[in-house]
Structures are given as C-alpha cells and as structure tokens.
Amino acid sequence: MPEKFPDSEAAKKVIQIKENFDFENGHLSPSLKDDDNILSKCFNYHAPGQARDLGIYPYFREIEETGSSHVVIDGKRVITISSNNYLGLAKDPRVISAGVNALEKFGIGCTGSRFLNGTLNLHRALEKDISEFLNREDSIVMSTGFQANQGTISCLLGRKDVAFSDRENHASIYEGCAVAPGKTLRYRHNDMEHLEYLLKKNSHIKGKLIITDSVFSMSGDVANLPDIVKLAKNYGATLLVDEAHGMGVLGDGGKGACEYFNVEKDVDIYVGTFSKSLGSIGGFVSAKSSVAEYIRHKASAFIFTAALPPASVAGVIEGLRILVDDTERRTRLHENTAYIKRAFFDMGIQVNNNQVPIVPIQIGDEALTLYMNRLLFDDGVFAGVAVSPVVPPLKAMIRTSYTCEHTREDLDQILDSFKKNMKQLGVFPQ
Ligand SMILES: Cc1ncc(COP(=O)(O)O)c(C=O)c1O
C-alpha cells in the first residue's frame, strides 16, 4: 500500500483514480481487448492490479489477528465493520472449547459426504437442536449456507414449476434457480404488487415457490413477510425464507424475521447459515419431515460434497445454546444498531428504521467509494465495499455492519471518520 495520502490531495486523487482505473460501464470489469482464446479475458484483466497500484484495492485483505470488533491488518489494529459476527460468538471461549474438544475427538474433517461416511452423531445432534429451536419437524445441516439455498432450490424446483424470487435475493438463491429445471421469475425488490401480478399471471401453474431473503444482505432491508405470506396463501404457493441475516438478530427468541412478524407457521422452508450470528461456517434447511427427507436424498450440493467438519458443528451447537440463553447479547446489538443509525441519520444519511445491524452508506460513484474506503482504513476503520455487479452501476456503497462487541468509543471513532472523510470528499451535505 502507498503512504497515506495528504488530505488536500483528495480531489486530485479521485480524478487520478478515474483516469487510471478500468471503469467499464461504471463498474470494476475486465478490459476485453483480445478475445481470441478462452484465457484472453484473464490476461487482459487489469482492474485489480490498477486498483492495487492506486492504493484503493479493497478485497482479500490479509487479516493477521482477529477479535470481535477489531482485527489486525498490515500490522495495524483497526475496528472492523465488515464482519457478520453479530453476536460476537466467533471467538467466544465456550464455543472455541467445544470446537477443540470435537477436533480432538473426531479429527479435522469427515473426509466424505454426509450421505455415505460423513454423518457424525454431532451433525444429528445439531439438526435436532435447530428443529427444536425453530419448531420444525426436521433439519439438515449442510456445509455452507450457499449450498443450503442452492441445493434446496435446485432439487425442489421441477420442470413444470415456477419460482418467484426477489431481485435482491442472495447469489446462492440465483444459483439454485439457475441450476433447477423449473422457471424463475424475479419480482422487483420487496414489491408486493409486482409479486402479485406475477402470481396472478401464473395462477394456472401448480408448483409455485416464493423465495425471499428475510433480511437483505446489502441493503439491510427486511422482507415484507406478512404480505408475502398472504400472497402465498391466496395463490397456493410454497414459501421459502432465507434467514441468514435474521437469525440471532430479530425476534424475541432470536429466530429471525419470521418470528418478529409472527409468521413462523406460515413459512414452509426455513434456510439459514452458521456464518453470521453463529460466528462459524455451515448452513441448514428446516422443513416438514417428508420435505427434509426428499432434500436429504436429492440435493446434489449436499450429497456430493464433504460434511461440515466436527469442530464447526460442535462450535455451532454451543453457539446456538448461547444464542438462546444469553439474550443480553441481542439487546446490546440492538442498542449499538440504534446508536449508529441515529448518528448516521443525524449526519443526513438515509438509514433503515429497523433493528438490522447492516447499514449501507451509499456513495454512488465507484472511484469515490473505493477512495473513501481507503481513507476510512487510514483512520483505523475496516469496512466492506460493494460495487457493480453486486449492486447496480453507480450505486456503489460502503457496507457497514455491527456487533454487540463494539463499544461506544468504537462507534464514535467510526462516525468521526465517516464525517471527516465524507465532508472532505464532498459526498454529503454537511
Ligand atoms: C442472504 C444470504 N444467504 C446465504 C448466504 C450464504 O451463506 P454462507 O456464507 O454460509 O455460505 C449469505 C452469505 O453471504 C447471505 O448473505
């Protein structure tokens, strides 16, 4: 990384970035000059190198030490607002100790699929815990949340079926729909009129599946589950909800947005992940026994991949116990979320009025966003950046997310840095 840029150079720097960076249609893309063979696109892919030379490359940062609210990068201790470790469980001593015990007992991996040799009694114990927690008949623990969505959707959506998927749904839902033989129609984000229009138009189709994230990972929006449930009932559709960012965060018991809206009974398939509030890795799907039994025997993304390693499973079992018992963590998370959102709102930034600890700061222009992110890092704040195609072109954002472990001092330092740098770059009216 180059030396810290002098403040007075900010505008010049943004211009330099715009002139030297390969923005194609406003997003970070390869320059496809010489497309004669399959690898030409790789040899002509210069954008990451250019961004590194300009000191604004934000990805694959090597983290040397981790904590719940801080990490060490390039030897420097910085506050992290880019993780999804909402309840601070990734480094909880009880979770670590459960993981260590399982590691010693079962070894580092399962060396095979759950289907054949990779199902430990630990996997079944976790499945029972999840089913009990969510009041479902059965659950299947998979190796990632991505696979849980991809595997479930691709095996359920048959040739004659139609999926109705929110446009802002996670990539794993897109992938599941792409692999499935059935058709997918995307409705405008959280737009119930559009969803109803599509359902009405396809009312003759017997197999209809509505798919939505409960909490959208980039915007932090919450799905309009009460209306989605009504539409699912009116049009005879099955409902799949991905609670990746809802579980541990929303609802009195931390079960997610379905609990928050009191629609748990109306949701047919509940998908979740252990990589956010539970601080680990892995995913699951919960449903009626016969549905789970079918997915267990049909989902390629589950059958043809190695099982979740024992240490992760044991850590999640312990993490889930803490998530249920220690409600104080969720209270602290909500307090931090309310504090930071109020302060951003007072700075003139639009924020969602909900309890979701994902707070996107939309900058728009990609050069400005990448440079802003670099300036935040110089101030000791490590945030994530989303540029096209993750978000639409010219809607680049700094994605910030919070945990129960951030202190008021951390939050004030983050706010001060945003305030200073946005003012310096002329990004918002202050
Ligand atoms: C909404 C949503 N669903 C699913 C996933 C995939 O989860 P995992 O990281 O466990 O594969 C993510 C992760 O980014 C997500 O944000």
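Predicted model: local features only at pLDDT ≥ 70, side-chain atom pairs only at ≥ 80, totals over all residues.
Buried means under 20% relative accessible area, exposed means over 50%, and partly exposed is in between, using a 1.4 Å probe and protein chains only. By that rule D379 is partly exposed, at 21% relative accessibility.

Residues are numbered from 1 along each chain as its sequence is written, and side-chain values use heavy atoms, with hydrogens and water left out.

One more term before the tour. Helices (H or I, at least four residues) and strands (E, at least two) are DSSP runs, numbered from the N terminus.

Let us start with a lysine. K208 is in strand β9, residues 208-213. A salt bridge is a side-chain nitrogen of Lys or Arg within 4 Å of a carboxyl oxygen of Asp or Glu. For charge, Lys and Arg count as positive and Asp and Glu as negative, while His and the chain ends are not counted. K208 is buried and has no salt bridge. The nearest side chain of opposite charge is D161, at 9.2 Å.

What does the side chain of K208 reach? It reaches the backbone oxygen of I205, at 2.5 Å. The backbone oxygen of Y235 is 3.3 Å from a polar atom of the K208 side chain. Both are judged by the polar contact rule: a pair of N or O atoms within 3.5 Å; within protein, one must be able to donate a hydrogen and the other to accept it, and residues adjacent in sequence count only if both atoms are side-chain atoms. Contact in general means heavy atoms within 4.5 Å. Leaving aside neighbours within four places in sequence, K208 has contacts that include V162, F164, L199 and T238.

The buried residues of α8, residues 171-179, are S172, I173, G176 and C177. Seen down the axis of α8, these fall within an arc of 140 degrees, so they line one face of the helix. The arc is taken from the directions from the helix axis to the C-beta atoms. On the other side of α8, A178 and V179 are exposed. The cover over the buried residues of α8 includes α7 (145-156), β7 (162-166), β8 (183-187), β9 and β10 (238-242).

Now the ligand. A residue is near a molecule if one of its heavy atoms lies within 4 Å of it. How many residues surround the ligand? There are 15, and the closest are G145, D242, H245, T273 and K276. A polar backbone atom of G145 is 2.8 Å from an oxygen atom of the ligand. For a polar backbone atom of F146, the distance to a ligand oxygen is 2.9 Å. H245 uses its side chain, with a polar atom 2.7 Å from an oxygen of the ligand.

Next, strand β12, residues 283-287, which holds F284. F284 is buried, at 0% relative accessibility. Among the residues F284 touches, not counting those up to four places away in sequence, are I130, L134, M247 and T273. The side chain of S286 makes a polar contact with the side chain of S139, at 2.7 Å.

Two backbone details. The peptide bond from S388 to P389 is cis, with omega near 10 degrees. P389 is in the loop between β14 (381-386) and β15 (396-401). F60 has a positive phi of about 55 degrees although it is not a glycine, and F60 is exposed, at 75%.

Last, charge pairs. Side chains of opposite charge can pair when their charged atoms come close. The count comes to 19 salt bridges. One of them joins R329 and D92, with the closest N and O atoms 2.9 Å apart. R329 is in helix α15 (residues 327-346) and D92 is in the loop between β5 (76-81) and α4, 237 residues apart. Both R329 and D92 are buried.

Back to D379, as promised. D379 forms a salt bridge with K420, at 2.9 Å between the closest N and O atoms. D379 sits in the loop between α16 (366-378) and β14, and K420 in helix α17 (residues 408-425), 41 residues apart. K420 is partly exposed, at 38%. Finally, R114, R124, E127, D138, E293 and R296 are linked in a network of salt bridges.
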